[in-house]
Amino acid sequence: MSKLFNVQTLLEKLNFEKLNGLIPVVTVDVATGRVLMQAFMNREALIKTAETGLMHYWSRSRGKLWLKGEESGHYQKVKAVYMDCDNDSLLFLVEQVGVACHTGKFSCFHNKVKDHVEVEGLGGGGSILSQLQEVIDQRLKEKPEGSYTWKLASKGIQAVLKKVHEELFEFTYACLVESKERVIAEGADLIYHLALALTLRGLSIEDIMKELAKRRYGESP
């Protein structure tokens, strides 16, 4: 029996025989919703994960158990675990320490083939808030002509905070007397300007998401 989750019950339900004793595992960053990596677990790896609260996998290439982060220090602290409908794969929500990929990228899935969604310049890969942060970072770095983000940011933090106050008022007003569609629209404007203000302070919207994840799942594994 594990302190983190009931590993014995999970072992009894999972169909390890389908893939010769291995279970595919998808690991997702709990704060951002980004898929970090896909790997495999055998029974031993699952037991070690449950016992320690840190992700353990089975390396098919090396033929042995490995603790994620044992060499790099980039551990993955387990926050939640889900089993799929066929009982033959698992999804873990984790707090990623450092980066997940050996290349130095945050996620192993960084080689974009085609955007899945395109909303106001936001591409696929990670949560929509993570994509928003990527676009803001890109605009501030490249300073493209005609960019609203760069134009506003170039005026300084005071100008951005003024817009945050304006959008907060408009959001409040929409909540009180306008339609749900207007509430959604004004809420989106508020979040965008908040993300820009955070960026100018050397922070990011992902820092807020990580704080919310800590409050939801707690500090300890």
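User: Among contacts between residues at least 6 apart in sequence, what share joins residues at least 24 apart?
Analyst: In the protein chain, 50% of those contacts do. Bear in mind that this is a predicted model.

User: How many helices and strands are there?
Analyst: The protein chain has seven helices and six strands.

User: In what order, from the N terminus on?
Analyst: The elements run α-β-β-α-β-β-β-β-α-α-α-α-α.

User: What does the C-alpha trace span along its principal axes?
Analyst: About 60 × 40 × 30 Å.

User: And what percentage of the residues is buried?
Analyst: Of the 221 residues in the protein chain, 39% are buried.

User: Helix packing next. How do H5 and H6 cross?
Analyst: Helix H5 covers residues 157-177. Its axis and that of H6 come within 9 Å, crossing at roughly 160°. That makes the pair roughly antiparallel, since the cut-off for that class is over 145 degrees.

User: Left-handed or right-handed crossing for H5 and H6?
Analyst: H5 passes H6 in a left-handed crossing.

User: Which residues meet there?
Analyst: From H5, the set includes Ile-157, Val-160, Leu-161, Val-164, Leu-168 and Phe-171. Lys-163, Glu-167 and Glu-170 of H5 are also among them. On the H6 side, the set includes Arg-182, Glu-186, Asp-189, Leu-190, Leu-194 and Leu-200.

User: How does the contact of H5 with H6 divide by class?
Analyst: It has 14 nonpolar, two polar and six charged residues.

User: What about H3 against H6, what angle and what axis distance?
Analyst: H3 and H6 (residues 180-200) pack at about 55°, and their axes are 10 Å apart. H3 and H6 are therefore oblique to each other. Their crossing is right-handed.

User: Which residues make that contact?
Analyst: H3 supplies Leu-129, Leu-132, Gln-133, Ile-136, Asp-137 and Leu-140. H6 supplies Ile-191, Tyr-192, Ala-195, Leu-196, Thr-199 and Leu-200. By class, the contact of H3 with H6 has nine nonpolar residues, two polar and one charged.

User: And what is the angle between H3 and H7?
Analyst: About 150°, with the axes 9 Å apart. H7 spans residues 205-217. H3 and H7 are therefore roughly antiparallel to each other.

User: Which residues of H3 and H7 make the contact?
Analyst: Leu-129, Ser-130 and Gln-133 come from H3, and Ile-205, Glu-206 and Met-209 from H7. Three of these residues are nonpolar, two polar and one charged. Leu-129 and Gln-133 also belong to the H3 contact with H6.

User: Switching to rings. How many aromatic pairs are there?
Analyst: The count comes to three. Among them is Tyr-57 with Trp-66, a tilted pair. Their centres are 5.2 Å apart, with 35° between the planes.

User: Why is Tyr-57 classed as buried?
Analyst: Because its relative accessible area is 0%, and the cut-off for buried is under 20%. Trp-66 also counts as buried, at 17% relative accessibility.

User: Where does Ser-59 sit?
Analyst: In strand S3, residues 56-59. Ser-59 is buried, with a relative accessible area of 7%.

User: What does Ser-59 touch, not counting residues up to four places away in sequence?
Analyst: Lys-64 and Trp-66. The C-alpha atoms of Ser-59 and Ala-39 are separated by 8.1 Å, and these residues are 20 apart along the chain.

User: Then Ser-107: buried or exposed?
Analyst: Buried, at 2% relative accessibility. Ser-107 is in the loop between strand S6 (90-96) and helix H3 (128-142).

User: What is Ser-107 in contact with, leaving aside neighbours within four places in sequence?
Analyst: Arg-34, Val-35, Leu-36 and Cys-101.

User: Last topic, backbone angles. What is phi of Asn-20?
Analyst: Near 55°, which is positive in a residue other than glycine. Asn-20 lies in the loop between helix H1 (7-13) and strand S1 (23-29). At 74% relative accessibility, Asn-20 counts as exposed.

User: And phi of Asn-87?
Analyst: Phi of Asn-87 is near 60°, again a positive value in a residue other than glycine. Asn-87 is in the loop between strand S5 (76-83) and S6. Asn-87 counts as partly exposed, at 25% relative accessibility.

Definitions and conventions: Residues are numbered from 1 along each chain as its sequence is written. This is a predicted model: local features need pLDDT of at least 70, side-chain atom pairs count only at pLDDT 80 or more; totals for chains, interfaces and linings use all residues. Side-chain values use heavy atoms; hydrogens and water are left out. Helices (H or I, at least four residues) and strands (E, at least two) are DSSP runs, numbered from the N terminus. Buried means under 20% relative accessible area, exposed over 50%, partly exposed in between (1.4 Å probe, protein chains only). Contact means heavy atoms within 4.5 Å. Axes are lines fitted to C-alpha atoms, for helices over the stretch in contact, and angles run from 0 to 180 degrees between N-to-C directions. Angles under 35 degrees count as roughly parallel, over 145 as roughly antiparallel, 65 to 115 as roughly perpendicular and the rest as oblique. A crossing is left-handed if the near helix is turned anticlockwise from the far one by less than a right angle, and right-handed if clockwise. Ala, Val, Leu, Ile, Met, Phe, Trp, Tyr, Cys and Pro count as nonpolar, Asp, Glu, Lys and Arg as charged, and the others, Gly among them, as polar. Rings of Phe, Tyr and Trp (its six-membered ring) pair if their centres lie within 6.5 Å; planes under 30 degrees apart count as stacked, over 60 as edge-to-face and the rest as tilted.
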